[in-house]
Amino acid sequence: MQSPSLDAFKLQQHFQFLGFSSYHYTLPSIRKPKYCYPCVSCNLKRDKVKGKENVWSIDNEMSKTEKERDKPTRRRKRGGKRMRRNVTRKTKGDKVMISGAMLMEVDTVLQTQEPVILPAWNTFVSSVSGIWKGVGAVFSPITAEMEPIEIGNKNEHLFDCYTLSRIDVEPSPSASQRSIIRRKVNWVTVNPHGDVPESNGGDNRSLEKPTGATSSFHMHETPDRKSRNLPKFESFDFGKTDIMEEDIMGMEPGLVFFEDGSYSRGPVDIPVGESDESKYYLSPTFKFEQCLVKGCHKRLRIVHTIEFSNGGSDIQTLRVAVYEEQWVSTANLADQSDMELDVKPFSQRRRVQPSELTGSWKVFEMSATPIYGEDNTTEETDRVPYVYLCTENLKKRSLPENPVYFGEEEMLDMQDATVLWLPGGVTSYVDVNKDGTLCIGVGWYSDEGMNLVMERDYETDGKLKEVRWKSEMKRRWTNPPPM
C-alpha cells in the first residue's frame with residue numbers, strides 16, 4: 001500500500017503523517033522544512049574558522065594547544081556511523097531541552113533470562129481493535145519543539161490535532177494468516193498558538209531534583225502555564241472531518257507484538273553497503289512505529305521517520321510524530337459515549353525532566369530476537385520467527401554525563417544529544433552506540449512511578465537485532481522493607 005506523505009504541512013490537501021503502511025519509500029518531491037535535523041554520519045567534517053591575527057599569535061597558539069590537550073573529548077567511534085547534528089542557535093529563554101543518553105547499570109539480577117510463550121495473534125488483535133479517541137503532535141528531531149502539522153483556513157500554522165481511529169478485524173485474503181487489522185483515522189487540527197508558555201519564562205531545562213511543588217501535579221496537567229481555550233474533542237463531528245489515513249496491518253516480518261496491544265513495527269533489513277554515486281538521489285526512508293499500552297485503555301504511539309543514505313552510513317531523523325489515544329468502545333458499535341476525552345493536547349502538558357527518571361528501578365523486560373537462516377520464514381506466513389525471552393533486574397539510572405541544552409550557547413559538538421524530552425512524560429531517542437548498533441527507542445513515564453519503554457535495535461549489517469519491551473517501577477524507599 002502506498003505510504004502517506006511525510007510533509008508537515010497541508011497546502012491544498014491534508015498530508016498524512018501516520019502509518020501502518022509500507023515502510024520503504026523515497027521522498028523525491030517532499031519539501032524540506034527549514035529546520036536542521038539530526039543525522040548519523042561517518043564523514044563528519046567541520047569547517048575551520050580563521051581566527052583574527054595579532055602580534056600575540058604565537059602565545060595564543062601555545063595556549064590553544066594546552067587547552068586542547070586538557071579538554072576531555074566528547075567524540076567516540078560508532079562502528080562506522082556517527083551522530084552528527086546540525087547546530088541551531090536558540091534564544092536564551094527557549095524552554096526546549098534535549099540531553100545525552102541516560103546512564104543505566106544493573107544493580108541486582110532478580111531473574112535470569114528464560115523463554116516466554118509466544119504472544120497469540122488473536123489476543124493481540126483483540127487488544128488493538130476498537131474505537132480510539134486521541135491527540136497528536138509533531139516535534140522537531142533536533143530541538144524537540146512542536147512543529148506545525150497543517151496550515152489553517154486563515155493561513156495560520158496549527159500545532160495540535162484530535163484523532164478518531166476505527167480499528168477493525170477482517171478476514172485475511174491470504175491463506176497464510178487468518179485475520180488482518182484495518183485502520184481508518186479521521187482527524188482535525190487545532191491550536192494556532194503552538195506550545196503553551198510557562199509562567200517561569202519557559203526555562204524547563206533543569207536537571208535538579210524536582211521540588212515538592214513541582215512533583216505534586218500530574219504529568220498531564222498544566223500548572224504554572226497560561227492556558228488557552230482550545231475547542232474540545234466533543235465539539236467536532238468526526239464523521240465529516242478529513243481522513244488522515246487508511247491502512248492494513250498483518251503478520252508482516254518486521255512486526256513484533258505483545259498480547260496487551262503493544263508493538264514495534266519497522267523493516268527487518270535496512271539497506272547497508274557500498275554507496276553508489278550514480279544513485280545519489282535515492283535515499284531509502286523508513287517509518288518506525290512503536291506503541292506502548294497502559295492499563296489496556298490508554299496507549300502511546302510514536303512514529304519515527306528516518307532516512308538512510310550513502311549506503312546506510314548517513315542516518316537522518318526527519319520527523320517524530322506522537323499520539324496518545326484512549327479506547328472508548330468496540331469497533332462494531334458506533335461511539336455513543338458522552339464521556340469527555342481524558343487526554344489533553346500535547347501543547348498544554350508539561351515535559352518530563354531527566355531528574356524524574358533517575359534513581360533505582362525494578363525492571364521487567366521482554367525481548368524478541370529474530371532467527372535468521374536459509375529459510376527465515378515460518379510455515380504459516382512470511383513472518384520471520386522470533387524467540388521471546390524475559391528477565392527481571394534492579395537497575396540504577398543516572399543523569400547523562402554531558403547534558404545538552406539549547407538557549408545558553410551554540411554547541412560545538414552534538415554527539416551526545418540523543419534524548420528528546422517531550423510533553424506528557426514522553427521520551428524519544430535515536431542513537432548509535434559505540435558498537436555501531438542503531439537503537440530507536442521510546443519511553444512513557446507517569447507520576448505513579450511507572451515508565452514503559454520500547455526499543456528496537458539494528459546490527460551494523462542493517463539486520464534487526466532485537467526488540468525490547470520494558471516495564472519499570474521506581475523504588476520509592478531508601479531501604480527495602482523486610483520480606
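Residues are numbered from 1 along each chain as its sequence is written, and side-chain values use heavy atoms, without hydrogens or water. Because the model is predicted, local features need pLDDT of at least 70 and side-chain atom pairs count only at pLDDT 80 or more, while totals for chains, interfaces and linings use all residues.

Nine strands build an open sheet, ordered E3-E19-E20-E21-E22-E23-E17-E18-E4. The pairing is antiparallel. Strands are DSSP runs of E with at least two residues, numbered from the N terminus, and two strands pair if DSSP finds at least two bridges between them. Strand E3 (98–99) and strand E4 (103–115) stand at the edges. Each has a single partner strand, so one side of each lacks a neighbour in the sheet. Within the sheet, strand E21 (residues 438–446) and strand E22 (residues 450–458) pair in the antiparallel sense over nine bridges.

Two loop residues were examined for phi. Ala144 has a positive phi of about 65° although it is not a glycine. Ala144 lies in the loop between strand E5 (130–139) and strand E6 (146–147). Its relative accessible area is 0%, so Ala144 is buried (buried, under 20% relative accessible area; exposed, over 50%; partly exposed, in between; 1.4 Å probe, protein chains only). Asn155, also not a glycine, has a positive phi near 65°. Asn155 falls in the loop between strand E7 (150–151) and strand E8 (157–158). At 62% relative accessibility, Asn155 is exposed.

Rings of Phe, Tyr and Trp (its six-membered ring) pair if their centres lie within 6.5 Å; planes under 30 degrees apart are stacked, over 60 edge-to-face, and the rest tilted. The count comes to 17 aromatic pairs. The ring centres of Phe286 and Phe288 are 6.4 Å apart and the planes stand at 55°, so this pair is tilted. Both Phe286 and Phe288 are buried. Trp361 and Tyr445 have ring centres 6.3 Å apart and planes at 75°, so they are edge-to-face. This pair links distant parts of the chain, with Trp361 in strand E17 (residues 359–370) and Tyr445 in strand E21, 84 residues apart. Trp361 is buried at 0% relative accessibility, and Tyr445 is buried at 6%. Ring pairs also join Trp121, Phe124, Phe257 and Tyr263 into a cluster.

The criterion is NZ of Lys or CZ of Arg within 6 Å of the ring centre and within 35 degrees of the ring normal. Arg397 lies over the face of Trp361, 5.3 Å from the ring centre. The charged end of Arg349 sits over the ring of Phe346, 4.8 Å from its centre.

Notes:
Helices (H or I, at least four residues) and strands (E, at least two) are DSSP runs, numbered from the N terminus.
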